[in-house]
Amino acid sequence: MRAARLIKMVLLLQARASMTAAELAEELEVSERTITRDAQALSEAGVPVYADRGRTGGYRLIGGYRTRLTGLARSEAEALFLSGVPGALREMGLEDAASAARLKVSAALLPSLRDASQSAAQRFHLDAPGWFRETPAPALLPAVADAVWDDRRLLARYRRQDSEVSRELEPYGLVLKAGVWYLCARVPDPGSGSGSGSGSYRVYRIDRFTSVEPHGENRFVRDEDFDLPGFWEERAAQFARAILRESVVLRLSPDGARQLPYVTDRAAAHEALADAEPDERGRVTITLPVESTVVAYSQLLMLGPEAEVLGPPELRDRLAATAARMAALYR
């Protein structure tokens, strides 16, 4: 633990001209007294750490000292490729590995390029969750992430409707979609031997897992042809189609047609509008797949008078009653 901290301290001082004890303490999450002791330990070990006294003083390396301890560990290299998703790194327990990797890369760069990471961070940031939603990270996410990185089988229990089910899983990949974490995993065929490579790929919401634990001593053999982005895109499209079980008939004004993709399933809206022919007033009549009339009611309310429901009758009647109540409210 201390050895890793000392290395990180040297890399910080190598990447920056000078740092105060308070800055080092904040970066290394220790007290300023610990920083003083660590600086003394480095000096005794032959690392030329110099302390400038005074109100504007700090610690720095002298004599152009450069450490050779810049080789990336595998976990650090993998985390570095995710460093643009800080929230995801933190939730998977990889924040420390990514921080160490960034320091090592900075230490290996020319002095004129060492501000590159700060420059990029000031200009680009990815905030994955949707607006107005607080989605806490699943408690079991770090354990699942460890199994994904290490290709280790899991025995998982998860909630399915009103019951719990146990499954042996080969965890292939993690997906963060709109603030929700999913596991793409292969479920081995019953009776197949260890490492047979047979089974079906499925998707699980990690917040529905109630327990996960390593299963067996051997790692599973990953199918190198498995394409996580392609698999997710296909499953997401299948899911979107599967939940659109009902349909409604709409007459839309030009503004309503423009707004429709923003209040309902985007792909379904574009497909329904693609072949629609406007009438003499510019309105189009379409049949739109929806999850249910209950969901469609909430979505179509957002279009107000720009959308008229022609069917089914019960949805038209419900929206008409709502419109009458609103008219009475504002009369």
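Val290 in strand β9 is the bridge partner of Glu246. This pair belongs to a predicted model, in which local features require a pLDDT of at least 70 and side-chain atom pairs count only at pLDDT 80 or more, whereas totals for chains, interfaces and linings use all residues. Residues are numbered from 1 along each chain as its sequence is written, and side-chain values use heavy atoms, with hydrogens and water left out.

The chain contains 13 helices and 10 strands; these elements are DSSP runs numbered from the N terminus (helices: H or I, at least four residues; strands: E, at least two). Of the 331 residues in the chain, 34% are buried, where buried means under 20% relative accessible area, exposed over 50%, and partly exposed in between, with a 1.4 Å probe and protein chains only. Among the contacts in the chain with a separation of 6 or more, 60% are between residues 24 or more positions apart; a contact means heavy atoms within 4.5 Å.

The opening pair lies in an open sheet of three strands, ordered β9-β8-β10 with antiparallel pairing. Because β9 and β10 stand at the edges, each with a single partner strand, one side of each is left without a neighbour in the sheet. From one strand to the next the twist averages 35°. Two strands are taken to pair if DSSP finds at least two bridges between them. Strand β8 (residues 246–252) is joined to the antiparallel strand β9 (residues 284–290) by seven bridges, and Val248 stands opposite Leu288 of β9. Towards β10 (residues 307–311), β8 is again antiparallel and forms four bridges; Leu250 has Val309 of β10 as its bridge partner.

Helix α10 lies across β8 and β9 and runs at about 145° to β8. Such angles run from 0 to 180 degrees between N-to-C directions, and axes are lines fitted to C-alpha atoms, for helices over the stretch in contact. Two packed helices are described by the angle between their axes and the distance between the axes. For α10 (residues 254–263) and α11 (residues 266–274), the axes come within 7 Å and cross at roughly 150°. The two helices are therefore roughly antiparallel, since angles over 145 degrees count as roughly antiparallel, under 35 as roughly parallel, 65 to 115 as roughly perpendicular and the rest as oblique. Their crossing is right-handed; a crossing is right-handed if the near helix is turned clockwise from the far one by less than a right angle, and left-handed if anticlockwise. Ala257, Leu260, Pro261 and Tyr262 of α10 make the contact with Arg266, Ala269, His270 and Leu273 of α11. By class, these residues comprise six nonpolar, one polar and one charged (Ala, Val, Leu, Ile, Met, Phe, Trp, Tyr, Cys and Pro count as nonpolar, Asp, Glu, Lys and Arg as charged, and the others, Gly among them, as polar).

The crossing of α12 with α13 is right-handed. On the α12 side the contact involves Thr293, Val294, Ala296, Tyr297, Leu300 and Leu301, and on the α13 side Leu315, Arg318, Leu319 and Thr322. Seven nonpolar, two polar and one charged residues make up this contact. In the loop between β10 and α13 lies Pro312, which is joined to Gly311 by a cis peptide bond with omega of about 5°.

The other sheet to consider is open and has five strands in the order β6-β5-β4-β3-β7, with antiparallel pairing. Its edges are β6 (199–205) and β7 (209–219), each with a single partner strand, so one side of each is left without a neighbour in the sheet. The twist from one strand to the next averages 45°. Within this sheet, β4 (residues 163–177) and β5 (residues 180–188) pair antiparallel over seven bridges, with Cys184 of β5 as the bridge partner of Gly173. Helix α8 (residues 141–150) packs on the sheet, touching β3 (152–160), β4, β5 and β7, and its direction makes about 70° with that of β4. Helix α9 (residues 228–243) also packs on the sheet; α9 touches β4, β5 and β6, and its direction makes about 70° with that of β6.

Asp151, in the loop between α8 and β3, has phi near 55°, a positive value in a residue other than glycine. Glu29, in the loop between α2 (21–28) and α3 (32–44), has a positive phi near 60° and is likewise a residue other than glycine. With a relative accessibility of 73%, Glu29 counts as exposed.
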